[in-house]
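Thanks for coming. I will show one chain today and go through what was computed from its coordinates.

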Amino acid sequence: FWFAVLVRFINGLTTANLPLTKCYTREISDITNQAKMFSYRSMGFSIGAMLAPLIGSVFSRPADQDWIGVPLFGMELFVEFP
């Protein structure tokens with residue numbers, strides 16, 4: 001129970017990242033390229049939302065996967081604690 005409360009607390013602390021990136025994007029751009037900067041920001045969030053689960057699934061059990069025929073994460077640490 002306390003771990004869930006802690007995770008929820010940390011999630012609440014880091015929720016302010018989205019408005020801060022919007023403010024920072026507005027501050028570093030001028031009126032001529034502001035629309036382009038906001039579209040790049042949205043595109044970056046979309047690409048991140050697609051790639052993050054892929055990266056997480058690739059590294060979910062690193063000791064069981066062979067990368068180009070070579071087990072890169074075959075160390076005892078990754079075998080014992082996947």
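**The aromatic pair at the start**

Phe-1 is exposed, at a relative accessible area of 73%. Exposed here means over 50% relative accessible area, buried means under 20%, and partly exposed is what falls in between, with a 1.4 Å probe and protein chains only. Trp-2 is exposed too, at 66%.

Before I go on, this is a predicted model: local features need a pLDDT of at least 70, side-chain atom pairs count only at pLDDT 80 or more, and totals for chains, interfaces and linings use all residues. Residues are numbered from 1 along each chain as its sequence is written, and side-chain values use heavy atoms, with hydrogens and water left out.

Rings of Phe, Tyr and Trp (for Trp, the six-membered ring) pair if their centres lie within 6.5 Å; planes under 30 degrees apart are called stacked, over 60 edge-to-face, and the rest tilted. That rule gives 1 aromatic pair. Phe-1 and Trp-2 form it, edge-to-face, with 5.2 Å centre to centre and 70° between the planes.

**The chain overall**

How many helices and strands are there in the chain? There are 4 helices and 0 strands, so the order from the N terminus reads α-α-α-α. Helices are DSSP runs of H or I with at least four residues, strands are runs of E with at least two, and both are numbered from the N terminus.

The chain has 82 residues, and 6% of them count as buried. Its accessible surface is about 7,000 Å², with 70% of that belonging to carbon and sulfur atoms. Those areas come from the Shrake-Rupley method with a 1.4 Å probe; for residues, only the protein chains shown count as cover.

**Helix H3**

Gln-34 sits in helix H3, residues 34-58. Is Gln-34 buried or exposed? Gln-34 is buried, at 17% relative accessible area. Apart from neighbours within four places in sequence, Gln-34 is in contact (heavy atoms within 4.5 Å) with Arg-26 and Ser-29.

Tyr-40 is also in H3, and is partly exposed at 47%. Tyr-40 belongs to a nonpolar surface patch of about 810 Å², together with Met-43, Ile-47, Met-50, Leu-51, Leu-54, Ile-55 and Phe-59. Patch residues have over 30% relative accessible area and no salt bridge; like charges are joined within 9 Å, nonpolar side chains (Val, Leu, Ile, Met, Phe, Trp, Tyr) within 5 Å. A salt bridge is a side-chain nitrogen of Lys or Arg within 4 Å of a carboxyl oxygen of Asp or Glu.

**Confidence**

pLDDT is the predictor's confidence in each residue, from 0 to 100. The chain averages 80, and 77% of the residues score at least 70. Confidence is highest in H3, at a mean of 87, and lowest in H4, residues 76-80, at 69.
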